Amino acid sequence: MSKISVSVHKFSSCDGCQLAFLNLGKDLLSLPEFIEIRHFAEAGPIDIESSVDIAFVEGSISTPDDLQRIKKIRENSNYLITIGACATSGGIQALRNLADTKSWIANIYAKPEYINSLDSSTAISDHAKVDFELWGCPINSQQLLSAIRSLLFGVAPLKDSSKVCMECKRRNIVCLMVTKGVPCMGPVTQAGCAALCPSFGRDCYACYGPGENANTTALANRFAGLGLMPEEIAQRFLFINNNAGSFKQEGLRWKAQSITKSK
Ligand code: SF4
Ligand code: SF4
């Protein structure tokens with residue numbers, strides 16, 4: 001099997017998803033047999049212009065420089081995979097899309113004229129063709145390994161289209177919403193984490209983003225039935241993946257209701 005060349009690039013993010021590579025444990029030691037890492041600043045190799053088979057991209061597009069850089073990375077890669085909530089939906093920093101970015105900057109920085117930032121934080125797919133997305137905040141090492149393994153065998157990686165609730169069922173985890181009335185986002189959230197939070201007795205806060213055909217309205221109404229106020233429901237959806245399609249729509253709908261009520 002011939003080696004595939006790989007680069008790992010960072011945009012606006014916390015670096016946590018890149019750690020999914022470094023956290024591979026003993027699998028990390030066998031990776032060099034199969035892949036050649038050309039650019040991965042956090043781990044050492046730097047060759048930002050290198051042409052590669054697969055580019056992994058972490059982070060959202062937040063500055064004019066990011067716009068230029070992502071175009072170059074796309075030109076230089078055969079297959080582009082976005083990793084994590086920032087790259088796939090704009091991340092927590094996309095909350096600024098709902099506010100006046102310029103006034104935020106003016107209030108935070110002593111010299112706002114030195115900040116060269118776009119008014120929005122957006123997903124990589126808004127600016128370049130993306131071949132595969134790994135959602136999560138952060139992603140886990142198994143997702144990464146499974147995508148690399150598929151590509152080594154020349155097949156496209158598979159997406160799990162089930163929801164976190166299904167992972168609870170597979171692991172025999174007792175449902176927190178049904179038994180304790182906890183407002184859990186699992187019914188609308190993509191699977192992939194093996195129901196990590198419910199396995200520790202806490203509700204899912206949807207870090208893997210909206211699942212396929214997620215019925216967000218039914219879940220939001222259920223949350224209202226559990227006693228959550230419109231503002232609290234809005235916050236459940238406008239969190240880590242606040243800029244992701246159905247979450248954004250549902251969150252803004254409940255936010256508008258909370259503003260009407262407070263008038
Ligand atoms: S605990 Fe949450 S994720 Fe698990 S089955 Fe219940 S609602 Fe779904
Ligand atoms: S249970 Fe929900 S919040 Fe927790 S890791 Fe999984 S997707 Fe993320």
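Predicted model: local features only at pLDDT ≥ 70, side-chain atom pairs only at ≥ 80, totals over all residues.
In the model, strand β1 spans residues 4-10 and is mostly covered, with six of its seven residues buried. Strand β1 pairs with two other strands. Its pairing with β2, formed by residues 35-40, is parallel and comprises five bridges. Within this pairing, I4 lies opposite I35 of β2. Strand β3, which covers residues 52-58, is likewise joined to β1 in the parallel sense, over five bridges.

A search of the whole structure identified one cavity of 30 Å³ or more. The largest cavity holds about 90 Å³ of space. Its lining is made up of V164, C165, C168, K169, C175, L176, M177, C184, G186, P187 and P198. Helices α7 (164-170) and α8 (176-180) each contribute at least two residues to this lining, and α7 provides the largest share, with four residues. By class, nine of the lining residues are nonpolar, one is polar and one is charged.

The residues around ligand 2 are T189, C193, C197, P198, C204, Y205, A206, C207 and Y208. This shell consists of eight nonpolar residues and one polar residue, with no charged residue.

Technical notes. Residues numbered from 1 in each chain as written. Chains lettered and ligands numbered in written order. Heavy atoms only, no water. 1 Å grid on protein atoms, 1.4 Å probe; cavity = no way out; pocket = protein on both sides within 12 Å on 5 of 7 lines; lining within 4 Å. Points joined across faces, edges and corners; volume = space filled by probe spheres on them. Nonpolar A, V, L, I, M, F, W, Y, C, P; charged D, E, K, R; others polar. Near = heavy atom within 4 Å. Buried < 20%, exposed > 50% of the residue type's maximum accessible area, 1.4 Å probe, protein only. Pairing = 2+ DSSP bridges.
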